[in-house]
Amino acid sequence: MPAKDTKTASGSDAALEITGQTSLPISRIKKIIQLDDDIVQCSSNATFVVAMATELFIQYLVEQGHNVVKSERKPRKTVQYKDLATAVSRIDNLEFLADVIPKTTTYKQFKQKQVKDSSKEVEVEKGQRALNGALPPVTESPETPNGKDEASVPRSSRPPTMTMLVDEAEDSHGKDDDVEMADQ
């Protein structure tokens with residue numbers, strides 16, 4: 001342990017005494033720091049401070065996981081992954097670790113959620129079509145003017161609802177004249 005507790009006569013923790021040694025290997029921490037392109041050089045004192053800060057953070061994380069274990073109805077002697085994930089989800093200071101230490105789910109819960117998500121249909125505006133021209137599945141059952149329920153009739157058997165306006169101009173003589181396009 002890098003720091004040891006010093007107790008006063010009253011028995012309370014007065015301060016943590018830094019011994020100059022870390023539990024984490026300094027050479028490995030230097031290698032991790034060198035992986036950052038923004039850092040050109042890092043002194044040995046700065047590396048030591050990073051190692052100490054890392055140890056204190058790990059200690060805090062484990063303490064919070066241990067508090068989760070103690071709060072259970074039947075406390076255990078070991079801290080498990082699920083305890084750390086619960087601590088991360090409950091404690092605001094550890095919220096940034098939510099992606100690194102997510103809560104676990106069983107395979108059965110995962111499959112149920114996947115089926116539930118896939119069964120939800122996307123809401124589509126009236127008249128909207130897919131890129132391939134197909135009509136989307138019906139999510140509502142609107143009443144048609146003739147009183148029949150459109151949702152009861154499958155979309156594939158319904159004719160497309162497209163209106164085409166054609167403007168035909170007839171010559172007064174009743175015969176069609178061809179129109180030629182002239183180049184300008």
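**A walk through a predicted model**

Okay, let's start on the outside. Phe 57, Ile 58, Val 62, Val 79 and Phe 96 make up a nonpolar surface patch, and together they have about 420 Å² of accessible area. A patch here takes residues with over 30% relative accessible area and no salt bridge, joining like charges within 9 Å and nonpolar side chains (Val, Leu, Ile, Met, Phe, Trp, Tyr) within 5 Å. Accessible areas come from the Shrake-Rupley method with a 1.4 Å probe, and for residues only the protein chains shown count as cover.

A word on where this comes from. This is a predicted model, where local features need pLDDT of at least 70 and side-chain atom pairs count only at pLDDT 80 or more, while totals for chains, interfaces and linings use all residues. Residues are numbered from 1 along each chain as its sequence is written, and side-chain values use heavy atoms, with hydrogens and water left out.

Now the overall layout. The chain has four helices and two strands, and from the N terminus on the order is β-β-α-α-α-α. Helices (H or I, at least four residues) and strands (E, at least two) are DSSP runs, numbered from the N terminus. The chain has 184 residues, and 14% of them are buried. Buried means under 20% relative accessible area, exposed means over 50%, and partly exposed is in between, with a 1.4 Å probe and protein chains only. The chain exposes about 16400 Å², with 53% of that supplied by carbon and sulfur atoms.

Val 79 sits in the loop between α2 (44-70) and α3 (81-90). Val 79 counts as partly exposed because its relative accessibility is 36%.

Next, how do helix α1 and α2 pack? Helix α1, residues 26-34, packs with α2 at an angle of about 100 degrees, and the axes are 10 Å apart. So α1 is roughly perpendicular to α2. For the geometry, axes are lines fitted to C-alpha atoms, for helices over the stretch in contact, and angles run from 0 to 180 degrees between N-to-C directions. Under 35 degrees counts as roughly parallel, over 145 as roughly antiparallel, 65 to 115 as roughly perpendicular, and the rest as oblique.

Which residues meet there? From α1 we have Ile 26, Ile 29, Lys 30 and Ile 33, and they meet Thr 47, Phe 48, Val 50 and Ala 51 in α2. Take Thr 47, in helix α2: Thr 47 counts as buried because its relative accessibility is 0%. Setting aside neighbours within four places in sequence, Thr 47 is in contact (heavy atoms within 4.5 Å) with Ile 26, Ile 29, Lys 30, Ile 33 and Cys 42.

On to α3. Its buried residues are Asp 83, Leu 84, Ala 85, Thr 86, Ala 87 and Val 88, and α2 is part of what covers them. Thr 86 has a relative accessible area of 12%, so Thr 86 is buried. Beyond neighbours within four places in sequence, Thr 86 is in contact with Val 68 and Lys 103.

Last, the charges. How many salt bridges does the whole structure hold? A search finds two, a salt bridge being a side-chain nitrogen of Lys or Arg within 4 Å of a carboxyl oxygen of Asp or Glu. Glu 72 and Arg 76 meet in one of them, at 3.0 Å from N to O. Arg 76 also forms a salt bridge with Asp 83, with the closest N and O atoms 2.7 Å apart. Shared partners join Glu 72, Arg 76 and Asp 83 into one network.
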